[in-house]
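Hi there,

Here is the structure I promised to send over.

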Amino acid sequence: MTTVPPTAGLPLRAADLWPGGDADLASALARHLGLPHAQLECSGTAALVMALTALQRLAPGRCEVIVPAYTCPLVALAVAHCGLQLRLCDLQADALDLDPAHLDALAGARTLAIVPTHLGGRVADVQAALACARRVGAWVVEDAAQSLGARVAGAPVGLQGDLGFYSLAVGKGLTLYEGGLLFAREDALRAPVHEASIALAPPRLWMELRRSLELLGYAALYRPAGLGWAYGAPLRRALARGDWEQAAGDDFAPTIPLHRPGRWRRAVGVRALARLADFQRQAALRAAERLPRLAAIPGVEPVGDSPAVARAAGVWPVLLVRLPTRAVRDAVLRQHWGQGWGLGVPFVQALPDYRRYAAVVPPVPAQALPHARDWAGRLLSISNSPWLDEAHFAAVCAALRAAVDQAQPAARTCSRACSSASRTPT
Ligand SMILES: Cc1ncc(COP(=O)(O)O)c(C=O)c1O
């Protein structure tokens, strides 16, 4: 059985793995993307920890961080790691952007940072967060963990806010197995984030050895012949137990490793980076061909870049679609998630609905955060890996069509009436 990875990660080649060579991955990525500054961290989560730690030192009286209520649980763990308080902002009904009215209501003199998030390669609106942050004296940290390579008016995402970061974890395009890139738009924040990193992330030999072995495992197994064993089998075991959070990879350890990525992994990243632009161009071409086919299925809405952002050009690790109801989305997952077609969800729940993160996410009433919860219930991600061939993509389309057809007619009507979210690539 073919097993397609859930996102389009860049495979490694044997030639990437030789020792030696240029190991200055931060500079290579900064040049590649056009960033004025970049510092390498051991994960996207670590990059967020460094960003928040630096801001905390600049404004010790501010203790709250506003994040989207539908985002990666690692964001909540990073905020808790820094001893800060999480404030959850709802999303918009028809875009994966922060709800500006809710954001304004949450922000105030205690706000340290607002974290708009570019989910699944899609470009989000950062201007509303910037306006709100300027009004209350807070900073904007752009979470572009899933969107390395996405651009706004030709500039890399992450540069509209004060600080931004990308993830270099498995499946995020370029990977060191785990890694992150943190950058600041203005000179004034570069020294504080550098100092935070020096203080918090020393070299750790055993951790680096572990990550190096994991990266070798990735190089060996991230290919059609290895993915059935490395990804498909554990996925099916988690689904058989009914554990969707584990199936989606949402079961994170509570502690955040902080250390320096070692020389060998950095050099592997520099060599693989030479192929990233072409890999992402091919992914954009596949998306441009496949998204209209998904949009042609009644009740299926592809999710595009934010309609509020002019000249947005996201990247396409996955194709995100919104289905008419949670019941339809869940029916598709129940039937097809384990089949190895690259289906999945960005995250299983809105943050307050994970029991395993109750210690780091404040409780909210059942009716709160309606749009974030709605997105959590209706989003489906379809891998945009080159290994999702035409036959399997056609099978995905047929499965979506069948699931919508089997649903109540009301679901289809709702979807048509409620939809205006999407912009697809041109
Ligand atoms: C939106 C978002 N933010 C932050 C992170 C954390 O990045 P990392 O996995 O590199 O620690 C992730 C990881 O999946 C993410 O999806």
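Below are my notes on the ligand site, a surface patch and the salt bridges.

This is a predicted model, in which local features need pLDDT of at least 70 and side-chain atom pairs count only at pLDDT 80 or more, while totals for chains, interfaces and linings use all residues. Residues are numbered from 1 along each chain as its sequence is written, and side-chain values use heavy atoms, with hydrogens and water left out.

Let's start with the ligand. It is surrounded by 16 residues, the closest being Gly44, Thr45, Asp143, Gln146 and Ser167 (a residue is near if one of its heavy atoms lies within 4 Å). A backbone N or O atom of Gly44 sits 2.7 Å from a ligand oxygen, and an N or O atom in the Asp143 side chain is 2.6 Å from a ligand nitrogen. On the Lys172 side chain, an N or O atom lies 3.0 Å from a ligand oxygen. The protein covers 94% of the 390 Å² of accessible area that the ligand has on its own (Shrake-Rupley method, 1.4 Å probe). Helix H2 (44-58) and helix H3 (73-81) each supply at least two residues of the shell (helices are DSSP runs of H or I, at least four residues; strands are runs of E, at least two; both are numbered from the N terminus).

On the surface, Leu205, Trp206, Leu209, Leu213 and Leu216 form a nonpolar patch with about 610 Å² of accessible area together (patch residues have over 30% relative accessible area and no salt bridge, and nonpolar side chains are joined within 5 Å, like charges within 9 Å). Trp206, in helix H7 (residues 205-221), counts as exposed because its relative accessibility is 70% (buried is under 20%, exposed over 50%, partly exposed in between; 1.4 Å probe, protein chains only).

Now the salt bridges (a side-chain nitrogen of Lys or Arg within 4 Å of a carboxyl oxygen of Asp or Glu): the count comes to 23. Glu64 pairs with Arg87, their closest N and O atoms being 3.1 Å apart. This pair links strand S2 (residues 64-68) to strand S3 (residues 85-89). Glu64 is buried at 6%, whereas Arg87 is partly exposed at 29%.

Which residues are linked in a network of salt bridges? They are Asp94, Glu301, Arg322, Asp374 and Arg378. Within this group, Arg322 and Glu301 meet at 3.2 Å, and Asp374 and Arg378 at 2.8 Å.

Happy browsing!

Note on methods
Polar contact = N/O pair within 3.5 Å; in protein donor to acceptor, adjacent residues only side chain to side chain.
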